[in-house]
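Here's a quick tour for anyone meeting this structure for the first time. Keep the picture handy as you read.

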Amino acid sequence: MSMATPTARRLGLTAATLALALTACGHTGAGVGVGDEHPAPQSLTTPEQAVQKLDALLDEALSGIQPPLRHRDGWPRSTEQSTGVDDHSKGYATATRDRYITTKVSKAKYTALMDMAERDWKAKGYKITSVNPNQPALFAATGDGSSIAMLFGAAGNITLQASGGGHIPVIRDRDPFGTPTPEPTLPGGNPDVIPTDDDPFWSH
């Protein structure tokens, strides 16, 4: 039986390309209000609505993975959008939510997981924007302008990341999602995203 898969046959992207895609994860800083020089678009949403949309996207993006993967969600982040001219704010931010996979996935199963996700996402109407089998990552865009990514870390950690969810009005000197709840950390203080749940299929 041939072991070649759609993912394995692709040419890998450079690490720089992956790093560029991962930079859209910053927190919102001070900004201008709606109605200033660069007003936000009409399709504004509340932070709560944005997170609900991202959670629904994360649920949908994982729904085709069988056996199911266990997970926990990180605190939502916001990225203020600017005009690119002297970093002048457009008056709105977009949201990002990370979903950390707690099921241990054997590295031998990475290609199978990426292929399963790619087929399912295409069937759901997502546009696959890039695939990197060398430094494993899968990126896709949805019809409403949101994006979803499956990222594989060096420590065996896997993160599903959703961005978009609508335009959140920027409030000066305040993060729209409030104070983050404490998350698990390693002894050195780094976030603990190492999977610990064993699965008969994925972990072996």
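A search of the whole structure turns up 8 salt bridges, a salt bridge being a side-chain nitrogen of Lys or Arg within 4 Å of a carboxyl oxygen of Asp or Glu. Side chains of opposite charge can pair when their charged atoms come close. Bear in mind that this is a predicted model: local features need pLDDT of at least 70, side-chain atom pairs count only at pLDDT 80 or more, and totals for chains, interfaces and linings use all residues. Residues are numbered from 1 along each chain as its sequence is written, and side-chain values use heavy atoms, with hydrogens and water left out.

**Salt bridges up close**

- Asp59 pairs with Arg99, and their closest N and O atoms sit 2.8 Å apart. This pair links distant parts of the chain, with Asp59 in helix 2 (residues 47–62) and Arg99 in strand 3 (residues 89–101), 40 residues apart. Helices (H or I, at least four residues) and strands (E, at least two) are DSSP runs, numbered from the N terminus.
- Is Arg99 buried or exposed? Arg99 counts as buried, at 3% relative accessibility, while Asp59 is partly exposed at 44%. Here buried means under 20% relative accessible area, exposed over 50%, and partly exposed in between (1.4 Å probe, protein chains only).
- Asp59 and Arg99 also belong to a network of salt bridges that includes Asp73.
- Arg72 and Glu183 form another salt bridge, with 3.4 Å between the closest N and O atoms. Arg72 lies in strand 1 (residues 71–73) and Glu183 in the segment after strand 7 (158–169), so the pair ties together parts that are 111 residues apart in sequence.
- Arg72 is partly exposed, with a relative accessible area of 22%, and Glu183 is partly exposed too, at 29%.
- Arg77 and Asp98 meet through their side chains in a salt bridge (2.8 Å, N to O). Since Arg77 is in strand 2 (residues 77–82) and Asp98 in strand 3, the pair ties together parts that are 21 residues apart in sequence.
- Arg77 is buried, at a relative accessible area of 12%, and Asp98 is buried at 7%.

**The overall layout**

- The protein has 3 helices and 7 strands, and read along the sequence they follow the pattern α-α-β-β-β-α-β-β-β-β.
- Of its 204 residues, 43% count as buried.
- Take the contacts (heavy atoms within 4.5 Å) between residues at least 6 apart in sequence: 71% of them join residues at least 24 apart.

- The average pLDDT, the predictor's confidence in each residue from 0 to 100, is 80 for the protein, and 79% of the residues score at least 70.
- Where is confidence lowest? Helix 1 (residues 15–21) has the lowest, at a mean of 34, and strand 6 (residues 147–152) has the highest, at 98.
- Over residues 1–40 the pLDDT is below 50, and beyond near neighbours in sequence this stretch has 79 contacts in the model.
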